[in-house]
Amino acid sequence: MTSAPTTDTLPAQNYDDDAGITVEKVGGRLGAVISGVRLGGDLPPATVAAVRSALLRHKVVFFRGQDHLDEDSHEAFGRLLGTPVAHPTVPSVDGRYSFPIDSDHGGRANQWHTDVTFVPAYPAFSILRAVTVPPYGGNTLWANTATAYAQLPESLRTLADGLRAVHSNDYDYAALRPDAVPEQLERFREVFASTKFLTEHPVVRVHPETGERGLLLGNFVQRIAGLTGRDSRALVDLFQSHIELPENTVRWQWRAGDVAIWDNRATQHYGVDDSDDHERKLRRVTIDGDVPVGVDGRSSVLLSPESVPDPAFGIASGNSAA
């Protein structure tokens with residue numbers, strides 16, 4: 001069995017070039033709290049480099065006490081990590097990249113997923129800011145897809161290396177949310193699934209910055225390419241179960257003013273829907289990613305639609321994005 005990545009070796013990390021910046025692990029395989037940074041668009045390059053290094057190392061990083069952030073400074077900080085992108089199907093109400101995740105709009109993604117994998121170049125990073133938190137519940141969990149892959153038996157790693165999966169935003173929302181009210185179901189059909197995407201990704205992608213291999217699955221997976229329904233479901237469930245192992249996860253209890261940043265290319269996450277009818281409002285800025293490449297060097301491929309007028313997420317010119 002391959003040993004776990006080196007992210008497991010240091011309990012804390014200090015950056016001498018940025019006095020006062022400390023990175024302290026909160027989970028054995030992912031997750032760290034960064035202290036001594038006031039997020040915004042005016043951070044010096046050395047601080048941005050320190051944050052990015054910690055993010056790549058720990059997969060998800062947390063900041064407390066960032067109450068000063070608003071829509072503008074949230075987006076300004078995002079631009080220091082890359083190019084912000086809009087959601088490919090959900091329009092912004094105010095023209096901003098900041099995306100609302102609110103309880104009154106069904107914004108509790110109580111299913112394991114990697115953001116927007118139904119398009120080829122899905123986001124590299126997501127930056128989530130807590131505005132209003134419930135008095136209890138509403139936590140978010142993250143899972144490390146790189147350690148999930150690394151801890152597989154060698155025979156399963158070899159199998160996964162050769163598989164590809166079709167991802168889509170056209171899935172049975174009602175089956176996943178049996179308690180959803182009719183307004184939520186209608187919003188899903190008319191907004192989230194307004195344009196139906198099918199993208200074929202490698203089940204194992206090679207991270208473009210770290211070189212790590214990670215499992216690329218989650219709730220947007222429709223099927224394993226080339227397999228029947230039963231065989232496909234069995235393999236998806238098998239590999240997904242390794243991602244969801246408690247040892248591969250970290251759980252964050254939100255406070256207002258918290259910020260979480262995660263590497264969307266090496267994680268899945270799950271918003272726990274256990275805060276009853278209490279208000280929960282967060283804002284997310286996503287940073288543009290690249291088209292995944294598998295172990296065999298093959299890139300992801302957009303299967304449908306063949307042409308999309310919006311250039312976001314590498315889908316402007318159909319399959320040429322791959």
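Visitor: Is Glu-209 buried, partly exposed or exposed?
Guide: This is a predicted model, and in it Glu-209 has a relative accessible area of 37%, so the residue counts as partly exposed.

Visitor: Which residue forms a salt bridge with Glu-209, the closest N and O atoms being 3.1 Å apart?
Guide: That is Arg-52, which forms a salt bridge with Glu-209 at that distance of 3.1 Å between the closest N and O atoms. Because Glu-209 sits in the loop between β11 (204–206) and β12 (213–215) while Arg-52 belongs to helix α1 (residues 45–58), the pair ties together parts that are 157 residues apart in sequence.

Visitor: And Arg-52, is it buried, exposed or partly exposed?
Guide: Arg-52 is partly exposed, since its relative accessible area is 25%, and a residue has to be under 20% to be called buried.

Visitor: What about the salt bridge between Glu-209 and Arg-265, how far apart are the closest N and O atoms there?
Guide: In the salt bridge of Glu-209 with Arg-265, the closest N and O atoms are 2.8 Å apart. Arg-265 lies in the loop between β15 (259–263) and β16, and Glu-209 in the loop between β11 and β12, so this pair ties together parts that are 56 residues apart in sequence. Arg-265 is buried, with a relative accessible area of 8%.

Visitor: Which residues are linked with Glu-209 in a network of salt bridges?
Guide: The network of salt bridges links Glu-209 with Arg-52, Asp-263 and Arg-265.

Visitor: How many salt bridges does the count come to?
Guide: The count comes to 16 salt bridges. One of them joins Arg-298 and Glu-200, with the closest N and O atoms 3.8 Å apart. Here Arg-298 is in the loop between β17 (281–287) and β18 (301–304) and Glu-200 is in strand β10 (residues 198–202), so the pair ties together parts that are 98 residues apart in sequence. Arg-298 counts as partly exposed at 44% relative accessibility, whereas Glu-200 counts as buried at 15%.

Visitor: Switching to strands, which strand does β8 pair with over five bridges?
Guide: Strand β8 (residues 140–144) pairs with β16 in the antiparallel sense, over five bridges. As one example of such a bridge, Asn-144 has Thr-267 in β16 as its partner. Strand β16 itself runs over residues 267–271 and is mostly covered, with four of its five residues buried.

Visitor: Which side chains make polar contacts with the side chain of Thr-140?
Guide: Thr-140, which is found in strand β8, has a polar contact of 2.9 Å between its side chain and that of Trp-254, and its side chain also makes a polar contact of 3.2 Å with the side chain of Arg-280. Leaving aside residues up to four places away in sequence, the residues that Thr-140 touches include Val-250, Trp-252, His-269 and Tyr-270. Thr-140 is buried, with a relative accessible area of 4%.

Visitor: What is the phi of Val-116 near?
Guide: Phi of Val-116 is near 60 degrees, a positive value in a residue other than glycine. Most residues other than glycine have a negative phi. Val-116 is found in the loop between β6 and β7, and at 4% relative accessibility Val-116 counts as buried.

Visitor: Last topic: what is the mean pLDDT of the chain?
Guide: The mean pLDDT of the chain is 85, and 78% of its residues reach 70 or more. Over residues 172–178, however, the pLDDT is below 50, and it stays under 50 over residues 307–322 as well. Where pLDDT is low, the predicted coordinates should not be read in detail.

Methods:
Residues are numbered from 1 along each chain as its sequence is written. This is a predicted model: local features need pLDDT of at least 70, side-chain atom pairs count only at pLDDT 80 or more; totals for chains, interfaces and linings use all residues. Side-chain values use heavy atoms; hydrogens and water are left out. Buried means under 20% relative accessible area, exposed over 50%, partly exposed in between (1.4 Å probe, protein chains only). Helices (H or I, at least four residues) and strands (E, at least two) are DSSP runs, numbered from the N terminus. Two strands pair if DSSP finds at least two bridges between them. A polar contact is a pair of N or O atoms within 3.5 Å; within protein, one must be able to donate a hydrogen and the other to accept it, and residues adjacent in sequence count only if both atoms are side-chain atoms. Contact means heavy atoms within 4.5 Å. pLDDT is the predictor's confidence in each residue, from 0 to 100. A salt bridge is a side-chain nitrogen of Lys or Arg within 4 Å of a carboxyl oxygen of Asp or Glu.
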